[in-house]
Amino acid sequence: MAAVTIDSLLQNPTLLFRPKAKVMLKPPRSLDCSRNRKLPLSRGSCFCSFNPRRTIHVVRASSSETALIGNFDTSSSDDIFYKDIFPVKRIEKVEGKFFIRLDRSKDQHDWQLTVGCSLPGKWILHWGVSYLGDSGSEWDQPPKGMRPPGSIPIKDYAIETPLKKLSEGDIFHEVKIDFNPSSEIAAIHFVLKDEETGAWYQHRGMDFKVPLVDYLEDDGNTVGAKRGFGVWSGALQQFSNVLLKSEASHADSQNNSIESKDSKNKNRCLEGFYEEQSIVKEVSVGNLVSVAVRKSPETGKVIVCLETDIPGDVVVHWGVCRDDAKIWEIPAAPYPPETTVFKNKALRTLLQPKATGNRSGALFTLDEEHFGFLFVLKLDDNTWLKFKENDFYVPLLGTSSVPGQYGQSDITTEEISSKSYTDGIINEIRNLVSGLSSEKSQKTKTKEVQESILQEIEQLAAEAYSIFRSSITTVPEEVVSETETTKPAVKISSGTGTGFEILCQGFNWESHKSGRWYMELKEKASEISSLGFTVIWLPPPTESVSPEGYMPKDLYNLNSRYGTIAELKELVKSLHEVGIKVLGDVVLNHRCAHFKNQNGVWNIFGGRLNWDDRAVVADDPHFQGRGNKSSGDNFHAAPNIDHSQEFVRKDLKEWLGWLREEIGYDGWRLDFVRGFWGGYVKDYLEASEPYFAVGEYWDSLSYTYGEMDHNQDSHRQRIVDWINATNGTAGAFDVTTKGILHSALERCEYWRLSDKKGKPPGVVGWWPSRAVTFIENHDTGSTQGHWRFPGGKEMQGYAYILTHPGTPAVFYDHIFSHHRSEIANLISVRNRNGIHCRSLVKIVKAERDVYAAIIDEKVAMKIGPGYYEPPSGSQGWSLALEGRDYKVWETS
Amino acid sequence: MEVSVIRSSSQAKISKTELGCRDLSQISRFRKAGLRFTLKAVHSDPVLESKSPATFKSLDRLRLFVGLPLDAVSDGNSVNHARAIGAGLKALKLLGVEGVELPVWWGVVENEMGKYDWSGYLAVAEMVQKAGLKLHVSLCFHASSQPRIPLPKWVTKIGESQSSIFFADRSGQHYQQCLSLAVDNLAVLDGKTPIQVYQGFCESFKTTFSPFMGSTITGISMGLGPDGELRYPSHHKPAKSGTITGGGEFQCYDTNMLNLLKQYAEANGNPLWGLGGPHDAPTYDQAPNSNSFFKDHGGSWESPYGDFFLSWYSSELVSHGNRLLSLASSIFGDTEVNVYGKVPLMHSWYKTRAHPSELTAGFYNTASRNGYEAVAEMFARNSCKIILPGMDLSDEHQPHDALSSPESLLAQIRTTCNKHRVEVAGQNLAPGAPGGIEQIKKNMLGENKIDLFTYQRMGAHFFSPEHFPSFTEFVRSLSQPELHPDDLPSDEAEATESVQTSSDPNIHLQTA
């Protein structure tokens with residue numbers, strides 16, 4: 001029933017010639033256009049070409065035969081006085097298949113889950129697993145061995161794996177997941193995502209779930225396994241513009257009877273299954289409707305030829321009009337075949353298929369006194385096609401004008417009408433924007449339009465801002481200017497602190513377990529200070545759905561598994577007393593809801609910040625937000641907050657201010673900042689004026705054939721871009737450096753530690769003052785171990801980051817371990833020599849088995865088993881520290 | 001029945017019209033408008049027509065432009081940050097902005113004498129046209145230091161050997177950002193006079209951009225001196241906002257200026273006065289009263305010598321302006337494009353009697369003499385319009401000790417322009433001036449309306465989260481003047497109420 005309208009031609013001049021979406025059932029009609037365009041040259045009349053659109057008008061002006069019209073017209077076509085080709089856009093449903101197969105892999109030992117889809121598109125399987133004994137609906141990341149190549153970890157709970165065609169000829173895009181049935185995995189969960197359209201395919205509004213053990217509680221979204229086809233009978237919910245069509249609901253009864261016989265058999269016996277479903281994707285397809293009007297020299301009647309390449313049955317709903325008012329009337333007979341009268345107002349004619357090609361068309365013979373011919377098209381799926389939300393209109397008067405002239409005058413009228421059309425739109429927009437249009441009946445509608453326009457303006461402005469911004473600070477060059485200042489800047493800025501900061505991550509993944517972490521840490525305050533740390537990062541303080549604190553709920557409730565708000569204040573006070581600044585771990589990207597909305601989706605918040613679903617981004621189907629689209633990546637386990645909303649930003653700024661005041665936090669560690677635009681972070685930081693701030697921008701490095709690329713510039717560029725978006729108000733964890741250290745140390749490839757320009761290859765090489773270097777944190781190491789630093793090589797890592805520029809961060813587990821004294825020594829070398837975040841590095845060796853560098857001409861270091869000694873000479877290097885595969889010297 | 005029709009379809013309209021009339025507080029108007037409106041409502045005509053013309057006139061007349069980045073084109077053939085500009089243009093169009101201002105630099109286009117490369121600017125013009133916006137072109141015959149856009153290389157080269165083509169101050173320091181007005185008619189540029197070179201530039205511009213003239217391009221600003229403004233470079237370094245600066249220095253010490261002064265002095269029978277500028281004027285950053293020339297009482301400016309010197313100094317500036325504007329209006333006179341020139345707002349020390357900043361800049365405007373008469377008269381003679389910058393400045397935000405008054409100066413210039421029927425267009429100095437937007441609104445919508453305003457300037461700050469929302473707000477408020485938010489129909493109840501209030505018996509009679 002959807003009315004499909006056509007975009008303004010002026011705004012999309014390329015529309016005509018661009019083959020539309022890749023899913024094209026028929027060859028695009030644009031071929032005809034390009035053929036036509038050549039013709040007028042032979043006539044050479046009134047050719048004015050400003051843009052492609054104009055040249056089409058020329059087609060109309062000329063009287064040459066064109067492929068389209070020629071089909072109708074075997075007689076002379078010189079009397080054609082009007083031709084036009086209307087591009088139309090319609091939504092086409094493309095059907096395909098989608099399957100899930102569980103079977104034994106070839107070696108008959110492991111099992112394999114295969115998910116495939118026959119529709120074209122950029123399909124991504126977004127998946128995770130749940131383990132035996134897990135409660136709740138959260139996903140976990142599958143073990144490494146289970147992840148197919150090309151998988152990208154999404155935070156700590158999911159994996160995204162693209163579906164690939166196994167060979168060119170294959171119909172299906174597939175992904176195969178191998179797993180060992182004896183593992184602890186209870187079920188595999190997934191949803192399917194089409195990156196082209198951003199659409200999600202889910203199962204009854206929930207994840208698909210493939211249980212690997214059979215005593216899982218059935219949440220109603222189980223697929224396959226013991227239950228046969230039955231689970232499929234329910235309608236698969238539609239998300240975005242995608243429909244997953246249920247095969248046949250009448251299969252229900254039948255399925256129930258199939259229900260597995262051994263459903264009571266509760267052992268871990270897996271059964272293979274194969275499920276196939278039809279899947280429907282809506283694709284926008286461009287077609288053309290061409291109209292030609294000529295006068296029959298014999299009868300003096302006007303003949304309108306209409307033709308289109310829209311497939312299927314096309315009904316023309318048509319009439320004529322007497323004047324500009326364009327009021328529909330029914331002309332006198334005769335009518336074309338297959339014509340019926342519709343409610344005495346219009347005629348309906350079914351277009352007849354043409355002998356050639358996939359077109360259909362009709363001829364309408366009319367008396368010449370009619371002013372114009374009006375029509376709309378009705379497609380076989382009850383879709384109406386209109387022209388710019390109006391009827392298609394073909395002028396019929398014009399027989400008297402000379403063809404050549406006609407073309408010209410027509411161009412101008414067309415221009416005028418399209419100009420007035422655009423002007424109309426603009427006026428409308430202006431009225432909307434200025435709030436002048438307040439027609440009550442349209443109010444809600446226009447309000448939506450207005451909001452969407454304002455939103456578009458905001459997005460365009462944001463885009464322009466980010467480009468202008470980045471073109472001002474040419475980041476890779478910034479190093480030069482920064483390193484020029486050999487004297488450290490004394491000025492404190494939130495991106496760097498004093499520039500001499502050394503950060504301690506004051507917790508690990510287990511810290512919540514004692515329930516009194518704040519008190520335990522308080523006892524260590526003076527010890528941490530004496531080791532040389534100047535800043536400590538405390539765990540997320542808010543009430544949280546997960547005990548570790550990263551699923552915050554009521555932001556103003558600071559009683560957590562780490563301790564009470566009173567204990568937190570006490571801890572902060574003791575830390576301040578020993579001269580340590582305190583960073584609060586703030587989770588701004590997402591927030592867990594208190595209540596369900598009317599659809600049973602958790603997206604209504606409670607507590608002091610009792611936001612509704614307008615605070616939730618609109619593009620995560622899990623949470624049905626009514627906000628704007630996310631300005632970053634989505635974190636799928638909780639509603640992502642829409643930072644483009646003024647009230648959200650205001651509330652968050654207030655909250656940060658409150659944390660500063662009430663608790664005494666000096667700065668922030670910002671969780672998952674990939675999730676929203678860095679410009680908002682800037683806003684928050686400017687409002688809360690932290691002493692130091694660092695963001696977690698964590699995405700994967702580039703790998704080719706499973707081997708990490710030497711050049712990770714694009715990875716660090718993304719981090720630098722984010723810092724840039726914050727206007728340098730925050731630093732970022734140097735994930736790039738950690739990744740490169742992994743490869744260099746693990747594989748003895750120390751050459752990786754120099755980039756093409758002889759600088760450090762991480763963020764620290766490009767924007768040292770904003771790089772917070774680290775080798776491990778609560779996610780990568782601790783008991784999670786998502787990306788653990790090569791074992792036994794930690795001290796090489798610290799020898800690197802604690803001697804190099806950037807702000808080094810040391811992980812709690814390493815401080816309170818056997819590494820403690822070595823770390824303390826490195827810190828004291830750093831402090832003794834005044835190494836700071838902008839210190840100058842000279843890489844003197846980056847070879848297979850050794851990396852060596854001299855920092856600020858004051859400290860020399862090497863890591864790796866290979867040989868290096870600093871040059872003997874006037875500088876007088878003396879060995880300051882030595883450990884397994886690392887050495888540090890200082891000048892005496 | 002009619003009333004119900006109104007209710008269902010057009011309550012909001014009624015309330016709006018009624019409000020417009022309530023503002024006028026004229027009962028007869030009210031009835032008339034209400035009546036007219038009601039009839040229209042029954043016929044469900046568009047809303048806009050039902051507005052009473054007086055109330056919303058300002059909206060229809062007002063045209064807002066936004067300046068493009070100074071370095072939108074900086075090397076002749078490529079557009080810098082084209083994608084950002086493209087996005088920016090779309091955003092502005094959606095906001096309802098009329099057009100953009102594009103600075104076109106002499107130093108970018110004419111890299112070799114007489115050879116012009118317009119390709120970069122043509123590309124911008126096309127982008128603007130495509131976006132459906134208008135274009136105001138500023139022809140810049142000066143150089144910019146930030147971003148750095150120098151004069152044409154060949155001109156700089158001439159200047160290296162012949163520094164007298166530039167202005168000089170008393171210490172002999174040259175100002176190399178634009179040519180001295182004293183060389184306007186001297187063949188110092190490889191046998192051509194600067195005026196001839198400017199003419200070639202303008203003519204080439206006109207031919208090249210002829211497809212855009214009058215349609216996309218609606219206005220051209222002729223560059224008249226430092227920063228494009230009609231003035232002497234009396235401050236070599238632009239003053240930082242908020243700091244108190246001196247009154248600047250006279251710039252009459254290059255050889256050619258001194259020659260002109262000498263001739264003038266001799267012609268006036270005071271040859272001794274023609275040997276140099278005032279000996280008792282303070283230097284750039286000295287307080288004006290630190291020496292005797294600008295002293296409020298008994299300063300030399302009020303002496304016969306002072307009058308002699310200031311008359312000559314200011315008339316040279318006006319003649320220079322006249323030369324360039326008559327050139328521009330003769331070239332562009334046959335197009336539908338309006339020609340503008342920019343006059344600076346030298347507002348510091350305005351509250352002193354001598355107005356030192358204006359005097360050194362070349363405006364002989366003091367407590368006892370309106371120096372803008374000659375300027376306005378010259379613009380009128382050439383049918384050119386004046387662009388006045390600094391519409392965002394308010395007295396309140398000026399440092400108190402500077403004795404500055406941008407508002408009074410603006411008022412003076414505007415009154416003078418009105419007298420000579422010279423139209424004034426507005427500009428702000430920089431976005432982000434304290435209270436700037438409020439002040440702009442005041443200037444645009446007050447008694448003495450301005451129909452064209454150029455907001456400076458697109459760039460990172462312009463689109464930044466701290467600025468852009470306030471700009472959006474500004475644009476929206478411009479098109480919705482004088483309506484207090486409480487007066488707007490916000491919900492059903494309020495609107496219905498309005499209908500009832502406007503249900504005058506007459507309406508029933510008329511519509512029944």
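**Ground rules**

I am working with a predicted model, so local features need pLDDT of at least 70 and side-chain atom pairs count only at pLDDT 80 or more, while totals for chains, interfaces and linings use all residues. Residues are numbered from 1 along each chain as its sequence is written, chains are lettered from A and ligands numbered from 1 in the order in which they are written, and side-chain values use heavy atoms, with hydrogens and water left out.

**Confidence**

I looked up pLDDT, the predictor's confidence in each residue on a scale from 0 to 100. Chain A averages 73, and 73% of its residues score at least 70.

Chain B averages a pLDDT of 79, and 79% of its residues score at least 70. Its residues 1-60 stay under 50, with 91 contacts beyond four places in sequence. Residues 481-512 of chain B stay under 50 too, and there the model has 51 such contacts. For the complex, the predictor gives an ipTM of 0.75 and a pTM of 0.43.

**Chain A, overview**

I took helices (H or I, at least four residues) and strands (E, at least two) as DSSP runs, numbered from the N terminus. Chain A has 18 helices and 39 strands. Of its 892 residues, 55% count as buried. Among contacts in chain A with a separation of 6 or more, 67% come from residues 24 or more positions apart. The accessible surface of chain A is about 37000 Å², and carbon and sulfur atoms hold 51% of that; such areas come from the Shrake-Rupley method with a 1.4 Å probe, and for residues only the protein chains shown count as cover.

Next I checked a strand pair, where pairing needs at least two DSSP bridges between two strands. β35 (residues 841-846) and β36 (residues 851-855) of chain A pair in the antiparallel sense over five bridges. They form a hairpin with four residues between them, and A:Ala846 stands opposite A:Tyr851 in β36(A).

I then went to A:Gln645, in the loop between β27 (602-604) and α11 (646-663) of chain A. A:Gln645 counts as buried because its relative accessibility is 17%. Leaving out residues up to four places away in sequence, A:Gln645 touches A:Arg614, A:Gly627 and A:Asn628.

**Cysteines**

A:Cys504 is buried at 0% relative accessibility, and A:Cys837 is buried with a relative accessible area of 0%.

**Aromatic rings**

My rule: rings of Phe, Tyr and Trp (its six-membered ring) pair if their centres lie within 6.5 Å; planes under 30 degrees apart are stacked, over 60 edge-to-face, and the rest tilted. By this rule I have 59 aromatic pairs over all chains.

Why is the pair B:Tyr232 and B:Tyr313 stacked? Their ring centres are 3.9 Å apart and their planes are at 10 degrees, so the pair is stacked. B:Tyr232 lies in the loop between β6 (217-222) and α9 (255-267) of chain B and B:Tyr313 in helix α10 (residues 304-332), so the pair ties together parts that are 81 residues apart in sequence. B:Tyr232 is buried at 0%, and B:Tyr313 is buried at 1%.

B:Tyr455 and B:Phe471 form a tilted pair, 4.8 Å centre to centre with 50 degrees between the planes. B:Phe471 is buried, with a relative accessible area of 0%.

Note on methods:
Buried means under 20% relative accessible area, exposed over 50%, partly exposed in between (1.4 Å probe, protein chains only). Contact means heavy atoms within 4.5 Å.
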